[in-house]
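Q: Please take one part of this model and look at it closely. Keep it brisk, and spell out the terms as you go.

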Amino acid sequence: MSPRPFIRVDPSRPRLCVGLISGTSVDAVEAVLCKIEGTGPSVQLKLLAHISRPFPPEFIQRVLGPHDARTLCELNFELGERFAEAAQAVITRAGLRSGDVDVIGSHGQTVAHLPSSLSTTPSTLQLGEPSVIAERTGLPVVSDFRTRDMAAGGQGAPLVPYFDWAAFRKPGAVRAFQNIGGIANVSVVGERIDDVLAFDTGPGNMVLDGLARRMTNGRLQCDLDGQLSRKGTVIPSLLAELLTHPFFALPPPRSAGREGFGEPLVSFLWEQRPDRPEDLIATALEFTVEATARAYEAYVLPRFKSLEAVYVSGGGSRNPALMERFSARLAPLPVRTLDALGFPEGAKEAACFALLAAEHLVGTPANVPSATGARRQVVLGKLTP
């Protein structure tokens, strides 16, 4: 059944949109304010402000910890408060007032993501109550972007390929955009959205982060500047075992989450060699690099013979040890940070959800079926007035 077209906002009118996200690494709320004009192939986005509001370590542990219905209920509202504070802060940073803004797009905090490869009932759950955000800011909120794509038969992820295509495509060029957040994903973008290839490549920073917390008793939340992994040596047998993970046998479209590359995997590694923590985290870094490179060799490079470059964003792009290994592994293919295109890499994912909220307002479908596996394009998100 085809949906009836609808228009809420004139797409020719510029929209000021806030974008909010807390990624799978659960390190901070990223908030942006963007000016968005047009829609679909004609859409244009300008970043006006960006802030990052880190979570305290105690709160990170609560989000990552075991959940029952009560804790999920409480976290949903508490995250809503934190997201609302970030939205208000970025509006102030831009020198504007809430009344100047059209909409907030909030991805929320993913606490479960179960595509068809993990569950007979594909589903996803993001927390960060939109009603709290709307009530605190006085602005409409678009949230729950993944669910409609999953209802249409897709993986619900990755969603950022639409943003990569809208913001960064270049006539006559093919570019790869590699995000290394908690999970790593790639978008390969040419001129036509129908030609976009995008999928989760596998582990990003989640295993590194979990090991860093254990190694430092919570003093460090990540492998800061690669200082921990540089001290270690890769354990070849353990790396080989990690690379047999069943996720890597799945062809695109595919998506991953904390269920496959989160705390259970960290615990498994820690049990193997608790006497060699530096070697464990060096192995985890190589696991991310090798899994990502093999995804390129299997699915990207055979299809796209000439890539301009790979542009990296996410927390992994700020880990020099990871970037050095990734660049060496993909050589001679150029590997650069997203900043090389004049866009701050830390703002990218939040800007994606500002764009998706803007497209929701005008009724433009913004999933990429070639990336998610959905049966058709659909309008993403749910509107809380």
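A: The buried residues of helix α5 are covered by elements that include strands β3 (44-54), β7 (175-180), β8 (183-189) and β9 (197-203), plus helices α12 (348-362) and α13 (369-372). Helices here are DSSP runs of H or I with at least four residues, strands are runs of E with at least two, and both are numbered from the N terminus. The model is predicted: local features need pLDDT of at least 70, side-chain atom pairs count only at pLDDT 80 or more, and totals for chains, interfaces and linings use all residues. Residues are numbered from 1 along each chain as its sequence is written, and side-chain values use heavy atoms, without hydrogens or water.

Helix α5 spans residues 160-168, and eight of its nine residues are buried, so the rest of the structure largely encloses this helix. Buried means under 20% relative accessible area, exposed means over 50%, and partly exposed lies in between (1.4 Å probe, protein chains only). The buried set is V160, P161, Y162, F163, D164, W165, A166 and F168.

Now the packing against α12. Two packed helices are described by the angle between their axes and the distance between the axes. For α5 and α12 the angle is about 90°, and the axes lie 9 Å apart. Axes are lines fitted to C-alpha atoms, for helices over the stretch in contact, and angles run from 0 to 180 degrees between N-to-C directions. The two helices are therefore roughly perpendicular. That label covers 65 to 115 degrees; under 35 is roughly parallel, over 145 roughly antiparallel, and the rest oblique.

From α5, the residues V160, Y162, F163, D164 and A166 take part. They meet K348, A351, C352, L355, L356 and E359 of α12. Contact means heavy atoms within 4.5 Å. By class, this contact has eight nonpolar residues, three charged and no polar ones. Ala, Val, Leu, Ile, Met, Phe, Trp, Tyr, Cys and Pro count as nonpolar, Asp, Glu, Lys and Arg as charged, and the others, Gly among them, as polar.

T283 sits in helix α10 (residues 277-300) and is buried at 0% relative accessibility. Leaving aside neighbours within four places in sequence, T283 contacts T233, V234, I235, L238, L239 and L242. S106 belongs to strand β4 (residues 103-114) and is buried, with a relative accessible area of 2%.
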